[in-house]
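Trainee: I would like to learn how to read a model like this one. Where do we begin?
Mentor: Let us look at it together, one feature at a time.

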Amino acid sequence: MKRLLGMVLVIVLLTAMVGCGKDDKKPENETATPTSAPTETATPTEKPTDTPDDPGENEGPQTVLGRIAAAAMNVFTDGNCRMDISETQRSEGETYESRDQMRMMTEEDGAKQLYRETKDSDDSTLWHYAYLTKEGGYLVQTWYEPGLKFEYDTHIVSGEDAQYMWTFLDSLSPDIGVKAEKAAPLVALNALMAKGYPGIRADLVPESKGTLEQVVASLSAFDTEAALKAAVGWSRDEDGTDHFKLPQEAIQRLLAAAKQEMSVFVTNPSDSAMNKVELDITYQRVNGLNGIDRECLKTLTLRFAAPGASAEYKIEFSNIGTTTFTVPKQAGEEYEKLKSTYKKRLGDADASNWLAENKLYYEELLSGVFAEDDQMVRDVLNAYAAIAMKEENKDKIIDKLTPQDTSVVLMNGDSLDKTGIDFIDEQLRELYPDLKFDVKSKTYRDTMSLKVWFIPENGKVEVYYKVYYDNDY
């Protein structure tokens, strides 16, 4: 269900905001030193807002789809905007909530600055600060978890990746930058998605229908109130809010089209069982930097449901035309320094090909390689647990562990006999001679490790573990 929504909107935004899908899988470092939350003292980047004496009125398109398309494009007209995304998922009696905030700012030279803040239900927070040009860019990623220290990493974004992302972001603001160089938004989005996700054709959106206006125009025969009511359950409140409630037939057509053209986003069994898809759209009048009053999207609320599961995503647009963010002091100096040095590092080995890495990640997810690696980790842990649970081993292990526990770190290709306790290692070699910590996925093969602890508790030996995806154990 979440992946289908990503196909519709959120995955697009996350990709454009340099937020890769793999972030959620990477665990935090549990041995970090406790400290206070980060403070923000760096100089903010800000775009001024003009307040015209007479902004005037712009009626805009009168059809339903025309109004939505125009309001969507108007959000990005000035090259600056803010989006707040809240997510609520319920499944098997459990509720999961998270919040994302994204901001985009366009510099005078056309460079894009992006900000993303992701706050999870456990109050851990991840920030991305990105600077993108058509030639390249960089990313500063910072994170903080209550009780752990604030840390940050820097990454150079390759010129190829930056070109795909910058071109799409620039296409959203037709009045900013050099107009002759702008790609049609949907063509640029298609190219970005094809580069970053498997199974998406690079020519899915024809050049002749590359703008949102052209797509809407091609649907003009269906852009009537009667047709939309029958096909997608459209209605409009007196305050102008548009509602769509897809009939079951329309849901199945949507799923069929998604599976055919974007199957990477329809992999969860609950996707195929969806029985509710609803969309609410509200609007707001915004004073643009050019002094023209325009209608923009205010909120998009999407609701999905399947037997035993439901999800709601609310995207709120605000500070349109002007926005700002501040990089925390600990990372701010590095962020500013990279503005003048990143070009020299574009050819370095550490320049990240984000889109290629993201595509590989999803290819391996779809192929089942991650599931194989997960099973391998379970087999390894079961082997250690079997040794620890043997009655004849218990007292001997506790004697070796007192007063401290014993831990072992396994890197890719390691056999299990690395505990340093001779009789344990001997039994591991005898009982599991062919079992190794053998990572198959190319995504994590060189960076994944497993740490296992033997800890005496209540007269028993317990086995604890943690998987690291960056060898930062």
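**Reading the model**

Mentor: Start in a loop: Thr224 is found between helix H6 (212–218) and helix H7 (225–232). Keep in mind that this is a predicted model.

Trainee: Is Thr224 buried, exposed or partly exposed?

Mentor: Check the relative accessibility against the cut-offs. Buried means under 20%, exposed means over 50%, and partly exposed is in between. Thr224 has 35% relative accessibility, so it counts as partly exposed.

Trainee: Which pair could I try next?

Mentor: Take Tyr115 and Leu139. They are 24 residues apart in sequence and 9.8 Å apart in space, C-alpha to C-alpha. Tyr115 sits in strand S4 (residues 112–119). Its relative accessible area is 4%, so Tyr115 is buried.

Trainee: What share of contacts in the chain join residues at least 24 apart?

Mentor: Count contacts between residues at least 6 apart in sequence. Of these, 63% join residues at least 24 apart.

Trainee: How many helices and strands does the chain have?

Mentor: There are 14 helices and 19 strands. The chain has 473 residues, and buried residues make up 48% of them. For the surface, the chain exposes about 22900 Å². Carbon and sulfur atoms supply 49% of that area.

Trainee: How many residues are in the largest nonpolar core?

Mentor: A core is a set of buried nonpolar residues joined through side-chain atoms within 4.5 Å. Here the largest one has 89 residues. Leu297, Tyr384 and Leu450 have the most contacts inside it. Helix H12 (residues 369–389) gives the most to this core, with nine residues.

Trainee: What does Leu450 touch?

Mentor: Leave out residues up to four places away in sequence. Leu450 then touches Val377, Val380, Leu381, Val408, Val409, Leu410, Phe437, Tyr465, Lys466 and Val467. There is also a second, separate core of 17 residues. Trp127, Phe325, Val327 and Tyr335 are included in that second core.

Trainee: How do I read a helix pair? At what angle do the axes of H5 and H11 cross?

Mentor: Read the distance and the angle together. The axes of helix H5 (residues 185–196) and helix H11 (residues 354–367) come within 7 Å. They cross at roughly 60°. H5 and H11 are therefore oblique to each other.

Trainee: Which residues of H5 and H11 meet?

Mentor: From H5 come Leu192, Ala194, Lys195 and Gly196. They meet Leu355, Ala356, Asn358 and Lys359 in H11. The residues of this contact divide into four nonpolar, two polar and two charged.

Trainee: Where does Asn458 lie?

Mentor: Asn458 is in the loop between strand S18 (449–457) and strand S19 (460–468). Asn458 is not a glycine, yet it has a positive phi of about 50°. With a relative accessible area of 80%, Asn458 is exposed.

Conventions. Residues are numbered from 1 along each chain as its sequence is written. This is a predicted model: local features need pLDDT of at least 70, side-chain atom pairs count only at pLDDT 80 or more; totals for chains, interfaces and linings use all residues. Side-chain values use heavy atoms; hydrogens and water are left out. Axes are lines fitted to C-alpha atoms, for helices over the stretch in contact, and angles run from 0 to 180 degrees between N-to-C directions. Helices (H or I, at least four residues) and strands (E, at least two) are DSSP runs, numbered from the N terminus. Angles under 35 degrees count as roughly parallel, over 145 as roughly antiparallel, 65 to 115 as roughly perpendicular and the rest as oblique. Contact means heavy atoms within 4.5 Å. Ala, Val, Leu, Ile, Met, Phe, Trp, Tyr, Cys and Pro count as nonpolar, Asp, Glu, Lys and Arg as charged, and the others, Gly among them, as polar. Buried means under 20% relative accessible area, exposed over 50%, partly exposed in between (1.4 Å probe, protein chains only). Accessible areas come from the Shrake-Rupley method with a 1.4 Å probe; for residues, only the protein chains shown count as cover.
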